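Hi there,

Here is the structure I promised to pass on.

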Amino acid sequence: LAGEDSDELDRQASLALDDAGDPEILPVEVLGDLPLAVRRRVVLHWCRRRARGVEISSNRIEEILRVAEGKGRERRVEIGSGWFVQVSRTGLRLTLPGPG
């Protein structure tokens, strides 16, 4: 049953991203009124589509959502392997790791 729930959350997150056009910059409005579990998956899927192979911890996802919901100032959140998500109250932008 838990596996089915997980699959459904993944399906809803993928649909939300696809409906948004799988944007390079993820507008906060895409997260909108989605349930928290789906918002988490949207951010996770969006990051994974761009930062392939990076394992993103749940606390990083929570920090991204906290800032995006206006509960923190704009900032960069490291998600691993030198990748960052620039988070503002309007959108998320993935920052590529620098050379070297």
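The radius of gyration of the protein chain is 13 Å, which agrees with the value near 13 Å that a compact globule of 100 residues would have. Please keep in mind that this is a predicted model. Along its principal axes, the C-alpha trace spans about 45 × 30 × 25 Å.

As for the fold, the protein chain has 4 helices and 4 strands. Their order along the sequence is α-β-α-α-α-β-β-β.

I then looked at one helix pair. Helix 3 covers residues 36-50 and helix 4 covers residues 58-71; their axes lie 10 Å apart and the two pack at an angle of about 105°. An angle from 65 to 115 degrees counts as roughly perpendicular, so helix 3 is roughly perpendicular to helix 4. On the helix 3 side, the contact is made by Leu-36, Arg-39, Arg-40, Val-43 and Leu-44, which meet Ile-61, Glu-62, Ile-64, Leu-65 and Glu-69 of helix 4. Sorted by class, this contact of helix 3 with helix 4 has 6 nonpolar and 4 charged residues, with no polar ones.

Finally, the rings. How many aromatic pairs does the structure hold? The count is 0. There is a charge over a ring, though: the charged end of Arg-76 sits over the ring of Phe-84, 3.8 Å from its centre.

Definitions and conventions. Residues numbered from 1 in each chain as written. Predicted model: local features only at pLDDT ≥ 70, side-chain atom pairs only at ≥ 80, totals over all residues. Heavy atoms only, no water. Phe/Tyr/Trp six-rings, centres within 6.5 Å; stacked < 30°, edge-to-face > 60°. Lys NZ or Arg CZ within 6 Å of the ring centre and 35° of its normal. Axes fitted to C-alpha atoms, helices over the stretch in contact; angles between N-to-C directions. Parallel < 35°, antiparallel > 145°, perpendicular 65-115°, else oblique. Contact = heavy atoms within 4.5 Å. Nonpolar A, V, L, I, M, F, W, Y, C, P; charged D, E, K, R; others polar. Rg over C-alpha atoms; globule rule 2.2 N^0.38 Å.
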